[in-house]
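Let's take a friendly walk through a protein model. Have the structure ready and follow along.

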Amino acid sequence: MTRPGRAPGTVTGPRPDSDPNPARGTGHAPCHHGELLQGVFLDAAGRRCAGLVTLPMAGPGSRAEFVRRPGTPPRALTVVPADRTKAAAAAALAVEECARRSGLPPCGGELRLGGDIPVGLGMGSSTSDVIATVRAVAAAYGLHLAPETVAGLAVRAERASDPLMLDARPVLFAQREGRVLEVLGPALPHLVVVGCTLGGGAPVDTLALPVREATDADLRAFERLRALLRRALATGDVALLGKVATASARQGQQVLRHPEFDSLIATARRTGAVGVQIAHSGAVAGVLFDPTAAGLHHRVRGCRRALDDQGIPTTRTFTTHTPTAPPFPPATTPKEFTPWTSTSRRRSAGRT
């Protein structure tokens with residue numbers, strides 16, 4: 001399904017029949033802060049498939065600009081920076097799709113990418129690049145692609161995709177198939193998250209991790225967590241949500257084996273947090289707090305201090321309360337917020 005014109009905050013560009021000159025489009029996509037739940041689940045047909053529920057985070061994101069060059073071969077695509085191979089693949093796929101939908105001949109062009117998402121931490125940097133690229137190409141053709149179309153292109157470009165093309169509603173998303181298994185609720189309860197990085201913040205090569213096939217017992221455990229998360233969202237039960245995220249994080253430890261994980265759990269308990277969450281394909285993690293808890297600021301400060309003392313670098317403290325945010329944060333941030341340190345844009349290894 002397509003809709004001509006502009007979708008606010010998503011894509012911009014001229015109508016495809018406005019003129020024959022090179023058309024320019026821009027696109028933006030957010031990131032996330034790892035997962036609240038990830039595992040193997042049953043779809044509506046009773047088939048097993050990998051799925052995840054991400055923790056949305058406003059702020060960092062990827063932006064893309066695409067200029068199409070009519071008359072050039074479709075694969076004559078220039079990408080800056082040149083190492084964004086997944087974005088390049090997404091651009092080629094999006095050109096083919098958008099040319100077919102618009103009736104214009106496919107052509108080459110130039111893609112420029114920018115952003116401030118740390119790479120390799122499990123925050124969806126590659127998916128954000130891919131989605132921003134698809135939106136920019138669509139805008140250059142005067143199109144707005146439906147989220148399910150963007151998801152399909154993203155999976156084709158990078159084999160597995162985070163659900164960043166959707167809104168902030170919590171969904172169980174089949175990352176290898178690009179489809180929603182279940183909308184779990186209208187929104188997450190209000191959480192305060194103390195972000196940190198495990199393993200020294202080194203990127204995780206998910207393709208090098210050992211493959212562990214889910215057993216029937218695993219499937220039952222994941223489905224139970226799915227039901228508990230559904231209940232937590234329906235009732236606004238922050239404590240229950242924290243228990244689900246912590247259980248999922250423990251399950252992920254069977255593969256990731258972060259040596260600081262026990263210290264993370266102990267700090268969460270000592271400071272009165274409701275739980276922890278980790279990126280199952282990266283090093284980012286978070287300590288989850290109920291914003292209505294007494295002495296919240298004292299708890300958050302104590303958590304940050306304890307993590308830093310144990311050699312677990314804290315990154316930024318954020319809230320899930322704001323459903324949307326400007327694409328790029330201002331240069332200054334409140335005192336209690338710590339920006340991400342500069343991270344070079346290294347090639348992401350993939351997602352399990």
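Is Pro 105 buried or exposed? Pro 105 counts as exposed because its relative accessibility is 60%; buried means under 20% relative accessible area, exposed over 50%, and partly exposed in between (1.4 Å probe, protein chains only). You will find Pro 105 in the loop between α1 and β5 (108-115). Leaving aside residues up to four places away in sequence, Pro 105 touches Ala 99 and Tyr 141, where contact means heavy atoms within 4.5 Å.

A word on the source: this is a predicted model, in which local features need pLDDT of at least 70 and side-chain atom pairs count only at pLDDT 80 or more, while totals for chains, interfaces and linings use all residues. Residues are numbered from 1 along each chain as its sequence is written, and side-chain values use heavy atoms, with hydrogens and water left out.

Now for the charged pairs. Side chains of opposite charge can pair when their charged atoms come close. The whole structure has 14 salt bridges, each a side-chain nitrogen of Lys or Arg within 4 Å of a carboxyl oxygen of Asp or Glu. Here are some of them.

| Pair | Closest N to O distance |
|---|---|
| Asp 43 and Arg 47 | 3.5 Å |
| Asp 83 and Arg 84 | 3.6 Å |

Asp 216 and Arg 48 are 168 residues apart, and their pair links distant parts of the chain. Asp 43 is buried, at 11% relative accessible area, whereas Arg 47 is partly exposed at 41%. A network of salt bridges links Asp 43, Arg 47, Glu 177 and Arg 179.

Terms used
Helix = DSSP H or I, 4+ residues; strand = E, 2+ residues; numbered from the N terminus.
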